Amino acid sequence: MRILAIRFRNLNSLVGEWEIDLTHPAFGDGIFAIIGPTGAGKSTLLDAICLALYGRTPRLGRVNKNENEIMSRQTGECFAEVVFETRKGRYRCLWSQRRARANPRGELQAQKHEISDEATRGLVSSKLADVPRVVEQYTGMDFERFTRSMLLAQGDFAAFLLAPPDTRAPILEQITGTEIYSRISMRVFARRGEERRRLELLQAGLAGYAPLKPEEEASLDAALKQKIQADGEKLAELARRRETIAWRRGMQELEADLNTLAAREKSLTERRAAFAPRRERLDAALRALELAAEYSALSALRRAEKEDRESLRAGREAVPREEVAALAAEERLQGAAKTLASARAAQQERRMPIRRARELDQRAAEKQASLVALEKAVAEREQARLALQNQQERDRADLARRQKDLEALARWLEEHRIARSERLARLNEQQEGLERERGLLATQLSLLRNIADLSEARRHLEDGRPCPLCGATEHPYVGKDHPQPDETRRRLALVDAEWKALRAAILELAENTLQAKQAEKSALERNIATLAGTTAQRAEALEAAARDLAQSSEQGKILRKECQSLRAERRERFGDGNPDEEETRLAKAVEAAERAQEDGRIRRDEASASLARLKTKIAELEENGKRRAGPLLTAETAFAARLAAAAFADEAQYRGAALPEDERRRLEAEARRLAEEASEIAARTREKRQRLELEKRKAANAGMLEEALENLLAAESGLARQHDDLQQEIGALRQQLQDNETAKRELAARQAAIAGQQGEYRRWQALHELIGSENGKRYRNFAQGLTFERLIGEANLQLARMSGRYLLIRNEAEALELDVVDADQAGELRSTRNLSGGECFIVSLALALGLSRMAGRNVAVDSLFLDEGFGALDEDTLETALETLAHLEREGKLIGVISHVPALRERIRAQIRVVPQSGGRSRVEGPGVSGRG
């Protein structure tokens, strides 16, 4: 995985939007430094990478809706974006969060996270929980592995070096991701306990199973067979009793049914006698029904003849009225024609005056519209001129103010140049004094060390005899304590620290030039020049605007006069009337006259047609009356003959016999029911008598007892109770035998389960003895010992590149303890707790690089960021560390070193600088950097 670009906005002290292009040619050496004073915001660049990829940082953890400590103060939004490349492709990952309405005091909103494919520009995922998983899928690293293999901090590994063996394994788990071994160890311990509890539970359950003895089981089986045989005999006797009872009850039911049928037959005879009068009426109605069609045809002829007579009388009376109405309609039609001719003449007379009035109105309206538009344009131009004039006055005031600011800034620059020169001179003097003191203390320390080294020779000196080195005969330090170098060494360390701090201050003051203020002065001069040019241009624009206003005012006077002339001519020709309304009035008058004429024509035609239809109808009615007289007489004669044949004296008797259809159907249904009931009673009586005779013969042949039904029922009840008692006894015996079989099966199953569980428990017990422990320590230490061996091998490869002096080995007494073999001290074995600051850094860096290779063993880690404390290194060690990192660059890695050490500026050419500004803010400078605060 390789980081190609970083873009972020408003993170910690880095306010504003910044972008770093790591593909810039300046990073071609493969190593670059991120430098700046402590607290400037260097580590914020690493926070931006972690936020963009995983939505969290090593220092702050996850950012959420309730808390965001990484967003810059007094800002309303922040984001972090990274472009990275893996074997699977190139991707862009963006994380962002904002406050409500981007207000710095607004409530935090839900964060957003998305990842897209750079090749296709397609969105891969925008779900907050999914994006880190997609990043892990593409890179092979989750957040923990990423911060172990690509972001390395010295503090974490110093803790690892100085940790006791018992706590070193959990730290190694956290760094290398092998915590699975602790969980396996604890899971084996827990599983061994679970299997033991299962075995104990199975063994405790054996007490509840006690099967019968064989002789007890045989006795129960014999008793069961005896009871089953006795119950069969009882059942046979009970069946015979119940058959006899059923026969006696069937005979009683047949006799009862015959009695019931006899009663129904008697009731039917009585109801038939009561229905006789209605039966006679039904017969007469049925005869009348046969004549209904002929009587209906005769009645229709009589009704038609009557209706024609009444229509003929009404038509003869209506003829005079229709003739008067036709004459009146003709007179109204002639009056409407005269009105229409008059309206058309008036419309033609007013056509030309209306047309001329419209032309004058249109011309006057056009002139008025032009005048209104011109007046509006004049007003807008006047407003624009006044606004331009006001702006010119503000520009002049602004120009004067900026000229004053320029003069003040020039004075400030001159004063601060003088003050900075004086401050540099004082600091240089202090530095020279400290350098002299350092030389004196170093000389003194060297002498004291020589004195200490000659302690063995002093023991052989004698007073009065010359020293073989200096020839002196007096030996003041013989037998006495010689001066110790501790105080001198302490004083030299203090002077060194003061000298380094003073040198850093000189470098910072030397670099802190007045470029920012000088740039501000240059920008102000450019603004003044631009503003002066703008003021001159606006003056020319004001003069042009005044000329344009004068021309527009003159044109407005001409348009007003023309408009007044057109309106005067219109009033003279047409007055104040509306031509459209006048034209509409005349057109409506013509239209109304045309409608009246058409209505009169329609009414005249309708009156004439109505009179003609009436006369035609009268002629038809007179003709119909003559044709209908013969058929009507023939029909009446034929119907009288049919009445006599049906035994009706006249039409009055026929109409009296005819019944309404519902009443006739009701009487028919009643007669039909009586007949059907008689047939049903006769059939059932025959069937019951036949069955009764059959049952009597069957009983005689079977020899059934003639015992009373009550006695039969009592005997049947006793037999049933005896059968039930036997069934209960049989059921109890069967249940005892079944329970015994169940107990034998479950006992066998329990014993088999216990045997199987014992084997399972022994398997987990054996595994527990090997790797199990309640806290996971046993297997964790074993597994971490193997991992520790590999870590030592990886670290020694890095140490060999940095220096041939040191070699890491495992302590023989403690499995997870480290020792250092120092080649410069004749292979002396040293504890890691006895290393100096520089030596500790070298070993920590080797471990960090080794752990990076282990954590990214399945991933191509092509970018590496070291947030280290290089300040503890001397020049030689620093050079060695940088050479090691350069070796990683030759493997194709891009190395970023974060440090505040000024010496890195001289050794690493490509630098990204984080420069503090006022108000706790910083800016980013360097190759590939763009943006502003």
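This text walks through a sheet with its helices, then a pair of helices elsewhere in the chain numbering. The model is a predicted one.

Start with the sheet. Seven strands form an open sheet, with antiparallel pairing. Their order is S9-S8-S7-S6-S1-S2-S18. Strand S9 covers residues 123-125 and strand S18 covers 929-932; these two stand at the edges. Each has a single partner strand, so one side of each lacks a neighbour in the sheet. On average, neighbouring strands are turned by 20° against each other, direction ignored.

Now look inside the sheet. Strand S1 spans residues 2-11, and strand S6 spans residues 77-86. The two run antiparallel and are joined by seven bridges. Within this pair, Ile 3 stands opposite Phe 84 of S6.

Helices lie against these strands. Helix H1, residues 44-54, packs on the sheet. Its contacts are with S1, S2 (14-21), S6, S7 (89-98) and S8 (112-117). The direction of H1 makes about 75° with that of S6. Helix H2, residues 131-139, lies across S6, S7, S8 and S9. H2 runs at about 35° to S8.

Turn next to the helix pair. Helix H8 takes in residues 292-349, and helix H13 takes in residues 579-645. They pack at an angle of about 165°, with their axes 5 Å apart. Angles over 145 degrees count as roughly antiparallel, and H8 and H13 are therefore roughly antiparallel to each other. Their crossing is left-handed. What classes of residue make up the contact of H8 with H13? There are 31 nonpolar, nine polar and 18 charged residues.

Definitions and conventions: Residues are numbered from 1 along each chain as its sequence is written. This is a predicted model: local features need pLDDT of at least 70, side-chain atom pairs count only at pLDDT 80 or more; totals for chains, interfaces and linings use all residues. Side-chain values use heavy atoms; hydrogens and water are left out. Axes are lines fitted to C-alpha atoms, for helices over the stretch in contact, and angles run from 0 to 180 degrees between N-to-C directions. Helices (H or I, at least four residues) and strands (E, at least two) are DSSP runs, numbered from the N terminus. Angles under 35 degrees count as roughly parallel, over 145 as roughly antiparallel, 65 to 115 as roughly perpendicular and the rest as oblique. A crossing is left-handed if the near helix is turned anticlockwise from the far one by less than a right angle, and right-handed if clockwise. Ala, Val, Leu, Ile, Met, Phe, Trp, Tyr, Cys and Pro count as nonpolar, Asp, Glu, Lys and Arg as charged, and the others, Gly among them, as polar. Two strands pair if DSSP finds at least two bridges between them. Contact means heavy atoms within 4.5 Å.
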